[in-house]
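Notebook open, structure loaded. I wanted to go through the charge pairs and then the domain layout.

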Amino acid sequence: MRQWNNARGSGTLFSVDLLDEDGSEIKGTFFKQDADKWFQILQEGQVYAFTGGKVKVANKKFSSFNAEYELTFDSSTQINPINDDSRIGSATYAFVKLNEMEALEANKVLDVIAVVKSVEDHAQFVSRAGKQLDKRNLILVDDTCTEINLTLWGDMAKADGSRWEGNPVVAFKGVKLSDFSGRSLNSLNASTLVNDPDVPETADLRAWFDAAGGGSSFKSVTVRNGGGGGSDDAAKKDISQRYTLQSITDGNLGNGEKPDWAVVKATISFIKLDGERLPWYTACPKEGCNKKVTETMEGAWQCEKCNQTHPECQRRYMLSMQISDNTGKAWVTAFNDQGVELLDNRTADELFQMKEEGNDAELEELFSEACFKTYMLTLRVKTDMYNDETRSRKTLQRLAPVDVKAECAALLDAIAKYN
Ligand SMILES: [Zn+2]
């Protein structure tokens with residue numbers, strides 16, 4: 001049972017997957033008071049006669065079936081249980097083996113039967129839209145000696161985890177294939193999960209896993225750590241250890257308690273120079289302090305951290321810049337050390353002098369010269385709240401020019417692995 005909210009109102013709904021004696025399947029949905037009534041009564045595996053309700057064209061985005069139509073039940077619906085009709089089997093599946101996942105297109109909804117090799121604890125995080133999300137990761141294996149990550153979402157993630165323990169054989173009907181981190185699977189609201197389903201594959205997988213299969217070395221089609229997460233050095237050598245700007249978003253980086261780190265190969269596309277804020281701030285000149293200082297009436301600089309007044313201040317960079325890669329773009333903040341590196345080893349004090357002397361053209365040229373260069377960038381990613389909205393804050397921690405020779409070796413290596 002789920003809650004829905006839209007412009008026309010709100011309420012509860014739940015869906016059933018129906019199977020008849022021809023082996024045809026169709027989805028049926030109950031809303032509001034009909035949902036409240038029938039959710040209590042209907043039982044999985046029981047045969048019923050349904051009368052009343054409407055037929056409509058299926059919205060395949062929300063359905064785990066390929067059926068062209070689906071049913072909406074309403075207050076006119078009558079449902080009567082029938083003694084077990086042996087002509088009706090249990091759910092039909094079109095299982096896809098795990099070693100076929102890499103060849104399939106992303107976003108396909110499919111059925112999988114596999115052994116649950118391991119299970120992670122239920123985890124909660126806040127989405128970019130500020131919504132509380134529940135997830136639980138499973139690692140599935142099958143007798144093709146392939147393993148894949150499957151993420152359960154929502155109620156399926158929150159539900160008691162004991163059904164996943166002891167390496168059960170589970171049929172997953174209507175799960176979605178994603179190309180996040182190589183290949184991975186995700187549950188949908190309409191997905192159904194059955195432990196030890198009544199199909200021949202169950203016994204085959206059980207026998208395989210218990211005999212020797214469990215100790216096999218598996219080829220994983222899911223890249224661990226969300227397709228990145230490597231150290232700077234590892235990421236330079238191995239492309240799979242890097243993130244892209246899109247995979248930072250897809251992987252929900254920065255949503256945990258601690259910030260996440262990501263190495264990306266990206267191009268500086270824009271550094272903000274005009275605007276309400278200068279690209280530097282006035283900092284305390286005392287070694288290691290770096291605190292923002294304010295000018296006193298006498299023209300000196302007051303540091304609240306050191307509790308001292310200094311005759312001079314030091315300007316330090318705080319650059320707001322846009323970076324781009326082949327998957328998208330992102331705003332990143334760069335502080336002083338990285339700013340000096342980006343801006344031709346000029347200090348913020350030098351640039352301040354330029355501006356004081358009215359040398360705006362030189363300043364602008366320096367900023368545009370810094371653009372359209374590609375670097376290996378190490379970013380710190382953390383989601384925070386700003387004006388009641390969540391946003392992903394990315395700060396540049398380190399940068400290195402792309403070493404062309406090493407990059408060619410990394411690309412050749414990636415191509416070899418791809419084959
Ligand atoms: Zn200070």
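This is a predicted model: local features need pLDDT of at least 70, side-chain atom pairs count only at pLDDT 80 or more; totals for chains, interfaces and linings use all residues.

**Salt bridges**

I started with R242, which forms a salt bridge with E407, the closest N and O atoms being 2.8 Å apart. My criterion for a salt bridge is a side-chain nitrogen of Lys or Arg within 4 Å of a carboxyl oxygen of Asp or Glu. This pair links distant parts of the chain: R242 sits in the loop between α4 (232-237) and α5 (245-250), E407 in helix α9 (residues 404-418), and 165 residues separate them. Helices (H or I, at least four residues) and strands (E, at least two) are DSSP runs here, numbered from the N terminus. I looked up accessibility too, and both R242 and E407 are buried. Buried is under 20% relative accessible area, exposed is over 50%, and partly exposed is in between, with a 1.4 Å probe and protein chains only.

Residues are numbered from 1 along each chain as its sequence is written, and side-chain values use heavy atoms, with hydrogens and water left out.

Next I checked D74, which forms a salt bridge with K54, the closest N and O atoms being 3.5 Å apart. That one also links distant parts of the chain, from D74 in the loop between β6 (69-73) and β7 (78-82) to K54 in strand β5 (residues 54-57), 20 residues apart. Buried or exposed, for D74? D74 counts as buried because its relative accessibility is 18%. K54 is at 53%, so K54 counts as exposed.

K158 has a relative accessible area of 45%, so I logged K158 as partly exposed.

How many salt bridges does a search of the whole structure find? I got 13. I also noted a network of salt bridges that links E25, D111 and K173.

**Domains**

The protein chain has domain 1 (2-82), domain 2 (98-222) and domain 3 (226-418). I get 39 Å between the C-alpha centres of domain 2 and domain 3.

From UniProt (unreviewed entry), I noted the annotation "domain: Replication factor A C-terminal" on residues 261-410. UniProt positions are given in the numbering used here, feature names are shortened, and annotations may be inferred rather than shown by experiment. Over residues 261-410, the end C-alpha atoms lie 21 Å apart, and the span is 22% helix and 46% strand.

Technical notes: Domain bounds come from an automatic or database domain assignment.
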